[in-house]
Amino acid sequence: MSGIYIHIPFCKQACHYCDFHFSTSLKKKYDLVKALAIEIEIRKDEFKDTVVETIYFGGGTPSILTNDELQFLIDVVQSNYEVVKHPEITLEANPDDLSKERIIELSNSSINRLSIGIQSFFESDLKLMNRAHSATEAKACLSIATQYFDNISIDLIYGVQGASHEQWMKNIDIALSYNMPHISSYALTVEPKTALASFISKGIIGDVDDDQAHEQFHMLKDKLEEQGFVHYELSNFGKEGYFSKNNTAYWQGKSYLGIGPSAHSFNGNQRGWNVRNNSKYIRAIEQGELPMEIETLTKTDQYNEYIMTGLRTIWGVSLLKVNSDFGESYKNYLIQQAEVFINQHLLYIDDEHIRVTKKGQFLSDGIASELFKINLS
Ligand code: SF4
C-alpha cells in the first residue's frame with residue numbers, strides 16, 4: 001500500500017512563518033495543473049507493483065484549485081494506478097476558500113477528508129502570522145464543514161508570541177466545541193529567511209519562547225487525551241479510526257510519490273525531491289523530463305530515519321525490526337545510546353520497543369538525534 005502526495009504551490013498571501021514552496025501569483029495555475037497530470041502519468045511505473053491507498057493534496061493551498069481541477073487530477077491517478085476501492089483523499093484547505101457552496105460541492109466529490117488550516121481562533125494570532133482568514137471565517141467554516149464531512153482535521157499553532165496560556169486553552173476549547181475527530185498542532189517555529197525571522201531580528205516582535213511552547217504542548221496533550229483523542233504522533237491527535245492514513249504510512253516507512261514542485265518521494269531506499277520552482281518544473285515536465293534529484297539512502301540513513309519517525313509515534317522503535325533490518329550491532333548501539341535517556345525517564349523500553357515517556361515527548365527529535373549513527377563512508 002502506498003500514497004500519492006500532490007503539491008499545489010499557490011497561496012493567496014504569504015504567512016509570516018512559512019517556508020514551504022508556493023507562489024502568490026496564479027498566472028501559471030493552468031499550466032501547472034497540466035504538468036501535474038503529466039507527472040502523475042509518466043511516473044506510473046514506479047508504483048506498478050503497489051496499490052494506492054491515499055491521495056493527499058497538500059501545499060501551498062490546494063483549495064485554490066477548482067473542484068474540476070482537483071477531480072481531473074484524481075481521475076488521472078485513478079486511470080493510471082491501481083487504487084483501493086475507498087482511498088483516503090485529503091484536501092488541505094484554508095477557511096477563506098470554504099464557503100458553504102464550496103463545502104457542499106466538495107462533499108459531493110471524491111474528496112473524503114479535509115485538513116483545514118485554522119491555526120488560531122484569535123484575530124491577534126492570525127494577524128501576527130499574516131493568515132488570509134479571520135477568526136470569524138475560521139468558526140463559520142468549521143460549523144458548516146462538520147455538517148458535511150465526518151473526517152476533518154484542523155491545524156492549530158501554539159507558542160505564538162503574546163498568546164497567553166489562557167488564550168491557548170480557549171483555542172483548544174473552541175476547537176473541541178466543533179467535535180472534529182483529528183487535530184494537528186505545531187509550535188510556531190522561526191524558519192530562516194521568513195518574514196517572522198526578519199521581524200524578530202529587527203526587534204519588531206519578540207522571539208518565540210521554548211518554555212511557553214513546551215507548556216502549551218502539554219496543555220494540549222492533556223486536554224485532548226482527556227477528551228478521547230489518541231496522541232499517535234508528536235504533532236497529531238486523532239480519535240480511533242481517524243488517524244491520517246496518509247501520514248501514518250509515511251511514518252511507518254511506506255513508499256510514496258510526491259508530485260509537483262518541491263514534492264518529496266520515497267521508495268524504501270531512495271529519496272527524491274522535485275525542483276522548488278514552478279516555471280522550471282513546468283518547463284521540464286513539458287519537455288518530458290522529471291526535474292528531480294535523487295539520493296540513495298545508506299543503511300545508516302535508513303536506521304536514522306526509522307529512529308526519528310519511530311520515536312515521534314506511539315508505535316515507537318521496534319528492537320526486533322532494528323535487529324532484523326539493520327543487524328545486531330545497530331540494536332546494541334541503540335540500546336547503549338538509549339540508556340542515558342532511560343535513566344532520565346525520557347525513554348522507556350517495553351515489549352521490545354523503545355518509546356518516549358510523557359516527559360520526553362516534546363524533546364523527541366533531540367533525543368532521536370542522540371541515537372543516530374554517523375555515516376562513515
Ligand atoms: S497558507 Fe500554508 S503554505 Fe501558504 S503561506 Fe500560509 S502556511 Fe504557507
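This is a predicted model: local features need pLDDT of at least 70, side-chain atom pairs count only at pLDDT 80 or more; totals for chains, interfaces and linings use all residues.
The ligand comes first. The residues around it are Cys11, Gln13, Cys15, Tyr17, Cys18, Phe20, Phe22, Gly60, Thr61, Asn94 and Arg131. By class, six of these residues are nonpolar, four are polar and one is charged.

Cys15 is buried, because its relative accessible area is 15% and the limit for burial is under 20%. A disulfide is a covalent bond between the sulfur atoms of two cysteines. The model contains zero disulfides. Cys141 is in no disulfide, and the nearest cysteine sulfur, that of Cys15, is 15 Å away. Pairing would require the two sulfur atoms to lie within 2.5 Å. Cys141 is also buried, at 2% relative accessibility.

The next element is a sheet. Strands of a sheet pair through backbone hydrogen bonds, either parallel or antiparallel. Here, three strands form an open sheet in the order β13-β15-β14, with antiparallel pairing. The edge strands are β13 (317-318) and β14 (347-350), and each pairs on one side only. Strand β15 (residues 353-356) runs antiparallel to β14, and four bridges join the two. Within this pairing, Ile349 has Ile354 in β15 as its bridge partner.

A residue of another strand, Val84, was also examined. Val84 lies in strand β3, which covers residues 83-93. Val84 has a relative accessible area of 18%, so this residue counts as buried. Glu53 is 31 residues away from Val84 along the chain, yet their C-alpha atoms are separated by 5.6 Å.

Helix α11 covers residues 299-312 and has 14 residues. At 1.5 Å a residue, this helix should span 20 Å. The C-alpha atoms at its ends are 20 Å apart, which agrees. Ten of the 14 residues of α11 are buried, so the helix is largely enclosed by the rest of the structure. The buried residues of α11 are Thr300, Asp301, Tyr303, Asn304, Tyr306, Ile307, Thr309, Gly310, Leu311 and Arg312.

Side chains of opposite charge can pair when their charged atoms come close. The structure holds 13 salt bridges. Glu233 lies in strand β7 (residues 230-233), 79 residues from Arg312, and the pair links distant parts of the chain. Both Arg312 and Glu233 are buried. Arg312 also forms a salt bridge with Asp365, where the closest N and O atoms are 2.9 Å apart. This pair, too, links distant parts of the chain: Asp365 is in helix α15 (residues 364-371), 53 residues from Arg312. Asp365 is partly exposed, at 30% relative accessibility.

Another salt bridge joins Asp96 and Lys12, with the closest N and O atoms 2.9 Å apart. Asp96 lies in the loop between β3 and α3 (100-107), and Lys12 lies in the loop between β1 (2-8) and α1 (29-42), so the pair ties together parts that are 84 residues apart in sequence. Lys12 is partly exposed, with a relative accessibility of 45%. Lys12, Asp96 and Asp97 are linked in a network of salt bridges.

Terms used:
Residues are numbered from 1 along each chain as its sequence is written. Side-chain values use heavy atoms; hydrogens and water are left out. A residue is near a molecule or strand if one of its heavy atoms lies within 4 Å of it. Ala, Val, Leu, Ile, Met, Phe, Trp, Tyr, Cys and Pro count as nonpolar, Asp, Glu, Lys and Arg as charged, and the others, Gly among them, as polar. Two strands pair if DSSP finds at least two bridges between them. The expected span of a helix is 1.5 Å times one less than its number of residues. Buried means under 20% relative accessible area, exposed over 50%, partly exposed in between (1.4 Å probe, protein chains only). A salt bridge is a side-chain nitrogen of Lys or Arg within 4 Å of a carboxyl oxygen of Asp or Glu.
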